[in-house]
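Work through the exercises below with the structure open. Try each task before reading its solution.

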Amino acid sequence: MAPSITHVSGTVTSDVECRFTESGIAVCRFRLTETPSQWDAATQKWRDGTPIPYVCTAWRDLARNAAESLTSGVTVLVKGRITEIKDNSIYLSVDDLGISLRQRIAYTEASLPSPAAAAPVTPPPTPQPAAPSAPRPPTRQPGNPPAWWEKQRSSGWSSTATSGADGSPLHVGR
């Protein structure tokens with residue numbers, strides 16, 4: 001008979017113990033408790049059911065990563081194979097393991113901010129009031145002609161070449 005594969009969501013209730021076999025293979029073990037919710041029709045509310053204890057064992061890279069990542073109190077999602085049931089606990093050989101994001105934020109090595117993000121931020125310098133300068137020419141308002149237009153108009157228009165705003169010849173009537 002093939003072992004039963006199950007998915008469990010529960011809280012780690014012990015420190016992760018990591019050891020190595022004589023051949024150098026990492027193996028870790030931790031306890032997990034799943035508390036199922038049950039609907040109580042009489043009170044019309046959800047209530048916690050009887051806690052289910054698990055003893056989880058992980059091997060190789062998964063064992064190393066679990067030992068580095070898990071602490072008591074963390075909610076995890078476990079995919080594993082039931083290997084035995086004894087002493088009122090279910091024993092799982094863990095195939096995959098993840099931290100539940102229901103109640104916390106998880107960071108990966110790739111998503112951690114750089115050390116520079118923790119550096120104190122210095123505010124930008126306060127701008128100093130500008131020293132009084134020569135009066136500026138009035139700015140042109142929308143709808144008013146530019147200054148060169150008024151200058152040309154007051155000096156009289158000619159039908160021959162005259163200069164434009166940039167001093168270049170302007171040919172009228174061609």
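**Exercise 1: A cysteine in a strand**

Task: Find the strand that holds C28, and decide whether C28 is buried or exposed.

Solution. This is a predicted model. Start with the strand: C28 sits in β3. Next, check accessibility. The cut-off for buried is under 20% relative accessible area. C28 has 1%, so it counts as buried. Now look at what surrounds C28. Leaving out residues up to four places away in sequence, C28 touches V16, E17, C18, C56, T57, A58, A63 and A66. Take A63 from that list. C28 and A63 lie 35 residues apart in sequence, yet their C-alpha atoms are 5.0 Å apart in space.

**Exercise 2: The largest nonpolar core**

Task: Which residues touch the most other members of the largest nonpolar core, and which elements give two or more residues to this core?

Solution. The core has 21 residues. Those touching the most other members are F30, L32, L70, V76 and L97. Two or more residues come from each of β1 (5–12), β3 (26–34), β6 (52–59), α1 (60–69), β7 and β8 (89–99). Now follow L32. Setting aside neighbours within four places in sequence, its contacts include V8, I52, Y54, C56, V76 and V78.

**Exercise 3: Strand β7 and its partners**

Task: How many bridges join β7 to β1, and how many join β7 to β8?

Solution. Take β1 first. Seven bridges join β1 to β7, and the two strands run antiparallel. Then take β8. Here 10 bridges join β7 to β8, again antiparallel. E84 has Y91 of β8 as its bridge partner. β7 and β8 form a hairpin with two residues between them. In the turn, D87 has a positive phi of about 50°.

Last, inspect T75, which lies in β7 (residues 75–86). T75 has a relative accessible area of 18% and is therefore buried. Beyond its neighbours within four places in sequence, T75 contacts S9, G10, T11, I99, S100 and Q103.

Methods: Residues numbered from 1 in each chain as written. Predicted model: local features only at pLDDT ≥ 70, side-chain atom pairs only at ≥ 80, totals over all residues. Heavy atoms only, no water. Helix = DSSP H or I, 4+ residues; strand = E, 2+ residues; numbered from the N terminus. Buried < 20%, exposed > 50% of the residue type's maximum accessible area, 1.4 Å probe, protein only. Contact = heavy atoms within 4.5 Å. Core = buried A, V, L, I, M, F, W, Y, C linked by side-chain atoms within 4.5 Å. Pairing = 2+ DSSP bridges.
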